[in-house]
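Reader: I have just opened this model and would like to learn how to read it. Could you walk me through some of its features?

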Amino acid sequence: MAGVLDLFRLDGKVAVVTGASSGLGAGFAVALAEAGADVVLGARRADRLDKVSADVVGTGQRALPVVTDVSDPAQCTALVDKAMTHFGKVDVLINNAGVGYALPALKEHPDVFRHIMDVNLHGAYWMAQACARVMQPGSSIVNVSSVLGLVKTFAPQAAYAASKAGLIGLTRDLSQQWAGRRGIRVNAVAPGYFATEMTADIPENMLTNILRSSPLGRVGEQRELDAAIIFLASPASSYITGSTLAVDGGMSGH
Ligand code: NAP
């Protein structure tokens with residue numbers, strides 16, 4: 001009988017990670033490779049994708065960088081087509097691409113609101129559709145939501161909070177639609193605060209407030225989120241679907 005740690009392995013699997021050019025997504029790509037998966041990396045910045053792809057190859061796995069804007073459904077389909085041509089299958093999708101701005105609601109232009117929804121929510125849906133069309137039973141989709149999809153925001157971030165709450169609803173619905181004959185599990189993670197390009201401009205006093213509201217009282221480490229991603233992507237979570245796992249130092253109380 002396989003040992004329990006073997007359930008976390010992804011040997012022979014192919015994982016797609018969007019937003020893999022920086023921050024959390026770059027870390028997920030390498031973590032999935034460490035767990036044994038070949039990785040397809042999607043984002044807009046080609047040079048950054050190449051760098052992260054080299055890190056994936058450094059683990060001994062194969063990497064396929066595909067320049068992709070997830071807000072365009074045709075580009076999402078093209079990424080999956082390339083993955084199928086190159087690797088012949090897709091077993092895991094990590095819907096991680098995201099943007100976030102803080103803007104008072106009465107000053108937010110419709111184009112900004114639409115852009116955030118287009119990337120964070122619509123993009124995740126286009127990617128899930130494109131992958132689910134080719135995924136075999138046993139596959140797993142993990143949507144990267146946010147603690148701000150679960151609880152009130154610390155800054156004026158209506159679009160971001162709505163997009164991330166929307167991702168949790170999307171997770172619930174797709175998990176029901178695709179659990180049966182398709183055998184695809186769909187879950188989400190809701191990260192708290194992690195130091196990346198996205199959070200680099202958060203003012204010091206706001207960060208202090210965020211950390212005060214977190215029982216563990218510190219920022220999260222990439223590896224702490226990697227572990228949650230590997231858990232939800234792998235057979236270790238084979239009886240879990242439709243769930244949102246908060247990785248937020250206790251901030252949301254979920
Ligand atoms: P980041 O370093 O800014 O990464 C964002 C990634 O999304 C980049 O790789 C970016 O790549 C990609 N992206 C943006 N627009 C895209 C588009 N239209 N098409 C394809 N890719 C696009 O920030 P991060 O913190 O790692 O964020 C990763 C995810 O975690 C996001 O969904 C974010 O909302 C979520 N999250 C982060 C935190 C945190 O504390 N850091 C907390 C909760 C949730 P390109 O610019 O190359 O396209």
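Reader: Which residues point one way from S5, and which the other way?

Author: In this predicted model, Ser 140, Val 142 and Val 144 point one way from S5, while Ile 141 and Asn 143 point the other way, and all are buried. Buried means under 20% relative accessible area, exposed means over 50%, and partly exposed is in between, using a 1.4 Å probe and protein chains only. Strand S5 covers residues 140-144 and is mostly covered, with five of its five residues buried. Strands (E, at least two residues) and helices (H or I, at least four) are DSSP runs, numbered from the N terminus.

Reader: Happy to hear it. Before we go on, what should I know about the numbering and the model?

Author: Residues are numbered from 1 along each chain as its sequence is written. The model is predicted, so local features need pLDDT of at least 70 and side-chain atom pairs count only at pLDDT 80 or more, while totals for chains, interfaces and linings use all residues; side-chain values use heavy atoms, leaving out hydrogens and water.

Reader: In which sense do S4 and S5 pair, and over how many bridges?

Author: Two strands pair if DSSP finds at least two bridges between them. Here strand S4 (residues 92-95) and S5 pair in the parallel sense over four bridges, with Ile 94 opposite Val 142 in S5. On S5 and strand S6 (residues 185-191), the pairing is parallel as well, over five bridges. There, Asn 187 in S6 is the bridge partner of Val 142.

Reader: What do S4, H4 and S5 make?

Author: A crossover is right-handed if, with the strands pointing away from the viewer, the path from the first strand over the helix to the second runs clockwise. S4, H4 and S5 make a right-handed β-α-β unit, and S5, H5 and S6 make a right-handed β-α-β unit too.

Reader: How much space lies in the largest pocket?

Author: On a 1 Å grid over the protein atoms alone, a pocket is an open set of points with protein on both sides within 12 Å along at least five of seven lines, a cavity is a set where a 1.4 Å probe fits but cannot get out, and lining residues have an atom within 4 Å of a point. Grid points are joined across faces, edges and corners, and a volume is the space filled by probe spheres set on the points. The largest pocket holds about 1,200 Å³ of space. Its lining has 47 residues, with Gly 98, Val 99, Gly 100, Met 198 and Thr 199 nearest the centre. Helix H1 gives the most to this lining, with three residues.

Reader: And what about the largest cavity, which element gives the most to its lining?

Author: That is H4, with four residues. The largest cavity has a volume of about 30 Å³, and among the residues lining this cavity are Thr 18, Val 70 and Asn 95.

Reader: Last one: is His 254 buried or exposed?

Author: His 254 counts as exposed because its relative accessibility is 62%. You can find His 254 in the segment after strand S7 (244-247). Contact means heavy atoms within 4.5 Å; not counting residues up to four places away in sequence, His 254 touches Leu 150 and Ala 246. From His 254 to Met 135 is 30 Å in space, C-alpha to C-alpha, and 119 residues in sequence.
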